[in-house]
Amino acid sequence: MSSAPASPRPRARAAKAAPAPVEPTSGTPASETPPAGRRSAELRVYLLVENLRRQFTAAMAAPTRARGYPPYEGQHALIVEVAPGLAIERVIDLALRAVPSVEPGILFVERQFGVLEVHGSSLDDVRRAGQAILDGIGASAGDQLRPRILYTDVIEEITDQHAVLVNRNRQASMVLPGETLLVCEMTPALFATVAANEAEAAAPDITLVDVQMIGSAGRLYISGRPGSVRAARDAIVRVLESVEGRDH
């Protein structure tokens, strides 16, 4: 689907030797080697998040994240991260051309990685968009990185001053003094999405205080009653340990 390379411009001096051909990356057949100057993307995260929960949906639709179409509760989302960052423009093109009915909510190019979220009411449509991405970059879902939990802690009866500081930086709801606060950090960062959605599914009465899903590490702040917070923590551990992928 890439356009033909432009014809070379005339040069006043002798042209330098042509660069060596780009070797195909793993999973890309030699017959489908990308044009010189464009390598296949490295798949870092490939997450299908089914049945988006209410608080997580609201967090994903916040203006600080959604640059496109906000998702709705009950829809299904596909979240992808690739490297290098600009390769995400090819990824979104593959998804939207194959399945125009899915809607892009997040398209973000950071320093090293590119992030895309697409969603729809039809799980089959979202799956087909994901398969178009995988086929287009010569990858499989199992090529993604396996998530690692870097840190988790449950802080009971959070003090009022602590709550004030947390709430100054929140991107979702507020934690109240006296509640129990769960903090969790993981890598790659995008796994905070499926972790947040699974936590809310396991304990619907929790408060999703913050979801930081872009960057070198993902972070979650969740508050509520002690039992609900611990149930959310256990659900996060279960879902992340169940993800198959390569070590990093």
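## Around isoleucine 236

Setting aside neighbours within four places in sequence, isoleucine 236 is in contact (heavy atoms within 4.5 Å) with Leu182, Cys184, Ala195, Ala199, Leu220 and Ile222. Keep in mind that this is a predicted model, where local features need pLDDT of at least 70, side-chain atom pairs count only at pLDDT 80 or more, and totals for chains, interfaces and linings use all residues. Residues are numbered from 1 along each chain as its sequence is written, and side-chain values use heavy atoms, leaving out hydrogens and water.

## The largest core

In soluble globular proteins, nonpolar side chains tend to be buried together. A nonpolar core here is a set of buried Ala, Val, Leu, Ile, Met, Phe, Trp, Tyr and Cys residues joined through side-chain atoms within 4.5 Å; buried means under 20% relative accessible area (1.4 Å probe, protein chains only). The largest nonpolar core has 35 residues, and Met186, Phe191, Leu220 and Ile236 touch the most other members.

## The open sheet

Let's turn to the strands, which are DSSP runs (E, at least two residues) numbered from the N terminus. Four of them form an open antiparallel sheet, in the order E1-E2-E4-E3; strands pair if DSSP finds at least two bridges between them. E1 and E3 (103-109) stand at the edges with a single partner strand each, so one side of each has no neighbour in the sheet.

Seven bridges join E2 to the antiparallel strand E4 (residues 114-120). Isoleucine 79 stands opposite glutamate 117 in E4.

## A charge over a ring

Arginine 44 lies over the face of phenylalanine 113, at 3.6 Å from the ring centre. For this, CZ of Arg must be within 6 Å of the ring centre and within 35 degrees of the ring normal.

Conventions. Buried < 20%, exposed > 50% of the residue type's maximum accessible area, 1.4 Å probe, protein only. Helix = DSSP H or I, 4+ residues; strand = E, 2+ residues; numbered from the N terminus.
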